[in-house]
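Here is a short tour for anyone meeting this structure for the first time. Have a look at the picture, then read on.

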Amino acid sequence: MKVSIDDLHKAFESRVRLGIMAALAVNDTLDFTSLKEYLDVTDGNLATHLKKLEKEEFIGVEKSFIDNKPNTKYYMTEEGKAAFDEHLNVLEEIIRSQK
Amino acid sequence: MKEERDYIQDLTEIRSMMERSTKFLSLSGLAGIMAGIYALVGVWVVYSVYNFNPHDIILLTTGSGGLFPYLPQVVIVALSVLVLAVGTAILLSWKKAKKRGEKAWNATSRQMIVNMAVPLAAGGVLIVILLSKGLVGLIAPFTLLFYGLALYSASKFTYKDVKFLGLIQIGLGLVSVWFIEYGLFLWAIGFGVAHIIYGIYMHFRYER
C-alpha cells in the first residue's frame, strides 16, 4: 500500500490534539483539569482543541456535577479510536518508507 | 510539508503522553532506601531497647496482668517509622516530579494512591482491632501482608517492578503468620532489607 502525507487526518495536525487523543486512548475517561496538567496548556487553548475533536466526533463529553461544581469528563469514541489507530499506522508507514 | 524528524517526534510524544497519563513515574528509589533504614532502626529500637519480640499469637491478654509494659512505646516507634517513611516518599517524589517538569499530584498519582489506600485502610483497621484484642503477634505478619497487597494493586499505575516488591511482602507476611516467633525478623527483612534492595535497584535502573 502506498501511503502519503494526505492520509494523515487533518484533526491530528496539532500537537495538543494528538496529545489529547494519546491520553484518552489509554484512559477510560479524563477530566478537563487532568488533561490540562498533562498537556501543560491554558484553559482556552485546551477548550478550543477539545471542541474541534468533539466536532469530529472523535471524543465524547460527559457533563456532571460534583458538589454543585461542574465536572466535565472526556472519553474517546469508537470513531476516534479508529481514526487515531489509522493515524499511528500512517505515521509508521511514512517513517518506514523514508528510511 | 513536515520533515521525517517531525513524524518521529510525533510518535515519541504520543508514546510519552500514553505513559505519563497512566503511570506515576516520579517514585524515588532513594525514598525506598530511606524507608528501609527507618524500618531497620525501628526494629532495632523495639527489639533491643524495649525487648519486644512476640513469640505467640496471644502475647498479652488485657487485664490479666500480663500486659506488655512498653506496648504504647512500641506503637509510637512503629507510627514514627510510618510517618518518616511516607514523609520522605512524598518529599522525594515531589522533588523528582519537579525535576521532570511534571506535577506529583496529578490524575495518575491520585489513582495510584486510591488503589493503595483501600488495602492499607482495611489492614490498618484490622491491626487496630488486633491491638485492642491483645493479638500482638499477628501485627507484623498482617502489616506485611496488607502492605504487599497495596503495592500489588498500586503497581498498575507505576513501575511494574513495584508488583514484585508487593509479591515479596505478601510472601513474607504469609511465612511470618506460620513462624510467629520470627515475625519481627521477617518484618525487618520485608520493610527494611527488601526496601533498601528495591530502592538501590530502582535508583540505578531509572535514575541514572
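Let's begin with a single tyrosine. B:Y198 counts as buried because its relative accessibility is 13%, and the cut-off for that label is under 20%. This is a predicted model, by the way. You'll find B:Y198 in helix 7 of chain B. So what does B:Y198 touch, once its neighbours within four places in sequence are left aside? Its contacts are B:L27, B:D161, B:V162 and B:L165. Take B:L165 from that list: B:Y198 and B:L165 sit 33 residues apart in sequence, yet their C-alpha atoms are 7.3 Å apart in space.

**Helix 2 of chain B**

Which residues of helix 2 are buried? The list runs B:G29, B:A31, B:G32, B:I33, B:A35, B:G36, B:Y38, B:A39, B:G42, B:V43, B:V45 and B:V46.

At the start, a side-chain oxygen of B:S28 comes within 3.2 Å of the backbone nitrogen of B:L30. Just after the helix, B:N51 adopts a positive phi of about 55°.

**Chain A in outline**

Now over to the other chain. Chain A has 4 helices and 3 strands, and along the sequence they follow the pattern α-β-α-α-β-β-α. Its C-alpha trace spans about 55 × 25 × 20 Å along the principal axes. Of the 99 residues in chain A, 43% are buried. If you take the contacts in chain A with a separation of 6 or more, 53% of them come from residues 24 or more positions apart. As for its surface, chain A exposes about 6,000 Å², with carbon and sulfur atoms supplying 47% of that.

**Where the chains meet**

**Salt bridges**

Side chains of opposite charge can pair when their charged atoms come close. Over all chains, the count here is 7 salt bridges, and 2 of them are found across the interface of chain B and chain A. Here are some of the pairs, with the N to O distance for each.

| Pair | N to O distance |
|---|---|
| A:R15 and B:D10 | 2.7 Å |
| A:R15 and B:E13 | 3.9 Å |
| A:R96 and A:E92 | 3.9 Å |
| A:R96 and A:E93 | 3.5 Å |

Salt bridges that share partners join A:R15, B:D10 and B:E13 into one network. The salt bridge of A:R15 with B:E13 crosses between chains, from helix 1 (residues 15-26) of chain A to helix 1 (residues 4-20) of chain B. Are these two residues buried or partly exposed? A:R15 counts as partly exposed because its relative accessibility is 31%, and B:E13 is partly exposed too, with a relative accessible area of 34%.

The other two pairs in the table stay within helix 4 (residues 78-97) of chain A. A:R96 and A:E92 are 4 residues apart, so about one helical turn separates them. A:R96 and A:E93 are 3 residues apart, which again means about one helical turn. An α-helix has 3.6 residues a turn, so residues three or four places apart point the same way. Both glutamates are partly exposed: A:E92 has a relative accessible area of 39%, and A:E93 comes in at 29% relative accessibility.

Technical notes:
Residues numbered from 1 in each chain as written. Chains lettered and ligands numbered in written order. Predicted model: local features only at pLDDT ≥ 70, side-chain atom pairs only at ≥ 80, totals over all residues. Heavy atoms only, no water. Buried < 20%, exposed > 50% of the residue type's maximum accessible area, 1.4 Å probe, protein only. Polar contact = N/O pair within 3.5 Å; in protein donor to acceptor, adjacent residues only side chain to side chain. Salt bridge = Lys/Arg side-chain N within 4 Å of Asp/Glu carboxyl O. Contact = heavy atoms within 4.5 Å. Areas by Shrake-Rupley, 256 points an atom, 1.4 Å probe, with all protein chains shown as cover.
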